[in-house]
Amino acid sequence: MNAYVTGLAAREETSVSRAENFILNNRFERPTLVIDTQSVARRYSALAQGLGRAQIHYAVKANPAPEILSTLVEVGSNFDAASRPEIEMCLAAGADASRISFGNTIKRSSDIAWAHDAGITHFAADSEEELHKLAQHAPGAQVYIRLIVGSLQADWPLSRKFGCAPEKAPDLFALASHLGLVPVGLSFHVGSQTRDPEMWSETLDQVAEVWHALKANGYDLSLLNIGGGFPAFYGQTLDAPQDYASAVMHQIQGRFGNVRQIMAEPGRGLVAEAGAIAAEVLLVSRKSDSDLHRWVYLDIGKFSGLAETMDEAIRYQFMTDRDHEPTGACILAGPSCDSVDVLYEKQPVQLPLGLQAGDRIVIRSCGAYTSTYASIGFNGFPPLDVIAI
């Protein structure tokens, strides 16, 4: 066993995942995301059991690695795509077009036409112009209207940019019908990393009010798209995936009854914990002799995969070969020359006091929103490598 593994083994409370173990037993020339497809399949099974009759539409944007998509095709997943390239990747992985929804409410007209010709039948919209585009380029398509929801308690809220105000939904339903589209239901998103299923309750109340008003106006609603929000472990206690999903579905049943089709779009909740990043310490320093905190600079930062440290919203966990040593607070930063490339400063990170340049570090639960956020060569640093096992 090498020194790196020995150091981690001394930390009894750490349970090393398959992806992390792969990192411990290999060397990497640059930051590399290792993703465990077996873990993805297990997580899918757990969420599917908890969601019951709801259909999982994996949010491809979380991590579109071909190995992940093909694994999910094999276990029976559906897919939520935000662009033509994502649809193409799903089709290339073996997914049938009937299992793919086009969930972005901001689509290029030519991409709508292409998707319609490819056999995509379900499209999201939240505005009049988008409905006109769909009517022209995907005539007769089934559309679901996305709502803006308030009082989000997620660590990574997704309000404002997408969705229409609840009072606007009836007009969009009427326009969709007038244009020859088939308005089948509603969609919403509670926000990424909604840690407690009870945090869904106020949002579900808002959506249910619109849902029942539309039904009272004669619309035959058949589809409720509950979006994502299913969390991953970043150091705070969470319900088990199956229990979390079951608790959400219990709330939905109580408010909406027996909806014919329920779509769930987990992304982070499906793949985050299946991945880990192999990184390296480039420098440890203090700005002055009286500085309370060390600065620890890694070979990966905001622009090379860790964009979700923005506002310190997502709190990644770390492992090193010195985890048996005393720790102290430090400010963690990336390698680029951009001053915003600081990962954690408001809430410093506890890392071993003996940490030094050349030490390797594992960043945990990095399977979601890392490789897709990595830039192509900012400051000359390469994009994040990805290895699937």
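How many positive and how many negative side chains does the protein chain have, and how far apart do the centres of the two sets lie? I looked this up before anything else. The chain has 31 positive and 45 negative side chains, and the centres of the two sets are 1 Å apart. I note here that the model is a predicted one.

**Overall form**

I went on to the chain as a whole. I find 11 helices and 16 strands in the protein chain. Along the principal axes, the C-alpha atoms fill a box of roughly 70 × 40 × 40 Å. I checked the radius of gyration against the rule for a compact globule: for 389 residues the rule gives a value near 21 Å, and the chain has 22 Å, which agrees.

I then looked at burial and surface. Of the 389 residues, 53% are buried.

**Nonpolar cores**

Which residues of the largest nonpolar core touch the most other members? I have Y58, F79, F123, L131, I226 and I363, out of 99 residues in that core. Apart from this core lies another, of nine residues, with A19, V34, A276 and V362 among them.

I took F79 for a closer look. Leaving out residues up to four places away in sequence, F79 touches H57, Y58, V60, L69, L72, V73, C90, A95, R99, I100 and S101.

S101 was the next entry, as one of the residues touched by F79. S101 sits in strand 4, residues 100–102. Buried or exposed? S101 is buried, because its relative accessible area is 1% and the cut-off for buried is under 20%. Beyond its neighbours within four places in sequence, S101 is in contact with H57, F79, D80, A81, H122, Y144, M263 and E265.

**Positive phi**

Most residues other than glycine have a negative phi. I looked for exceptions and noted two.

E312 has a phi near 55°, a positive value in a residue that is not glycine. E312 lies in the loop between strand 11 (294–298) and strand 12 (318–320). With a relative accessible area of 9%, E312 is buried.

S365 is not a glycine either, and its phi is positive at about 50°. Where does S365 lie? I place S365 in the loop between strand 15 (360–363) and strand 16 (385–388). S365 counts as buried, because its relative accessibility is 10%.

R27 is in the loop between helix 2 (18–24) and strand 1 (32–35). I count R27 as exposed because its relative accessibility is 64%, and exposed means over 50%. How far is R27 from R360, in sequence and in space? The two are 333 residues apart in sequence and 9.5 Å apart in space, C-alpha to C-alpha.

H324 is in the loop between strand 12 and strand 13 (327–333). At 49% relative accessibility, H324 counts as partly exposed. The cut-off matters here, because exposed begins over 50%. From H324 to G275 I have 49 residues in sequence and 23 Å in space, C-alpha to C-alpha.

Definitions and conventions:
Residues numbered from 1 in each chain as written. Predicted model: local features only at pLDDT ≥ 70, side-chain atom pairs only at ≥ 80, totals over all residues. Heavy atoms only, no water. Helix = DSSP H or I, 4+ residues; strand = E, 2+ residues; numbered from the N terminus. Rg over C-alpha atoms; globule rule 2.2 N^0.38 Å. Buried < 20%, exposed > 50% of the residue type's maximum accessible area, 1.4 Å probe, protein only. Lys, Arg positive; Asp, Glu negative; His and termini not counted. Charge placed at Lys NZ, Arg CZ, Asp CG, Glu CD. Core = buried A, V, L, I, M, F, W, Y, C linked by side-chain atoms within 4.5 Å. Contact = heavy atoms within 4.5 Å.
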